[in-house]
Amino acid sequence: MWSAVSVLASTGYLVSAPDYIGYGASKAVPHPYEHAASLASASLDMLRAAREFAAKEKLVLNQKNFLLGYSEGGFATLALHKLLEEKAATEFSVTASAPGAGAYHKSAFADYILQSDKPLSFLSTYVWVLDTYNRVYGINRPLPFYYNQPWAAQLQANPFGEVPDQAKELFTATFRQGILSKTDQPMTAAFRANDIHDWQPKAPLALFHGTADDYVPFFNSEDAYKAMRARGATQVELRPIQGGNHFSSATTYTLQAFAFISQYY
């Protein structure tokens, strides 16, 4: 993170890096993990603060704004891009955007997980997503609704504790059935509220993603690319990182995303 920021700053960019709700000054509240609206609003607030700081310090800005982020940061980047173009265009224009490996298609990701028969290494982070949506959207179900025992009791004691890597071992049949059949209306609606793959961006956008990502599957970026092109977006690109997984792709992403935005500098 700091290496990427340092590289960008050393080449003349002013870098605005929000730490999101739940960290820094707001560390007393839970981080709303993978919640598009709060990630986007926190990022927009940081842009406003950065512009105010630049004016105070008499830094000259060229008014070009470039958006980057990886994993949850990639999700935040696309959410911010959408917010800026749809609701804050009078404040900031997006010059170019390069999100990496974000879980943009939450509804499809939920189905992928809950019908999977193979080991999934990331289920502890999905527990975090469910906890966030259960709280943020006021669903407020007890943990045994979502998780089988003994995992429900263990997660009650430690929300970040270890969980099995088989979805059918961790999640209750009732919860899985409700999502897969789309009869669980509250949580299905929460997933849909965080589907940020299907809209029409105007600014140049490159979606970077490792093709062998087993943490945030490649289809998230592929679905976004297809949906955006279908809506008439002419400046959206899909940039696969061949053979890269979620972690090995990070360095390649940083270098290629930097090259992508630099052509618009």
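**View 1. Strands S2 and S3 side by side.** In this predicted model, S2 and strand S3 (residues 205-210) pair in the parallel sense over 2 bridges; two strands count as paired if DSSP finds at least two bridges between them. Look for Ser97 opposite Leu205 in S3, and for Gly100 opposite Phe208 in S3. Helices (H or I, at least four residues) and strands (E, at least two) are DSSP runs, numbered from the N terminus.

View 2. Why is S2 (residues 96-100) largely enclosed by the rest of the structure? 5 of its 5 residues are buried, so the structure largely encloses S2; buried means under 20% relative accessible area (1.4 Å probe, protein chains only). Ala96, Ala98 and Gly100 point one way, while Ser97 and Pro99 point the other. In a regular strand the side chains alternate between the two faces of the sheet.

**View 3. From S1 to S2.** Strand S1 (residues 66-70) runs parallel to S2, joined by 5 bridges. Phe66 has Ala96 in S2 as its bridge partner. Between S1 and S2 the chain passes through helix H3 (residues 72-87), a right-handed β-α-β crossover: with the strands pointing away from the viewer, the path from the first strand over the helix to the second runs clockwise.

**View 4. The open sheet.** Its 4 strands follow the order S1-S2-S3-S4, with parallel pairing. S1 and strand S4 (236-241) are the edge strands, each pairing on one side only.

**Notes.** Residues are numbered from 1 along each chain as its sequence is written. Local features need pLDDT of at least 70, side-chain atom pairs count only at pLDDT 80 or more, totals for chains, interfaces and linings use all residues, and side-chain values use heavy atoms, leaving out hydrogens and water.

Methods. Buried means under 20% relative accessible area, exposed over 50%, partly exposed in between (1.4 Å probe, protein chains only).
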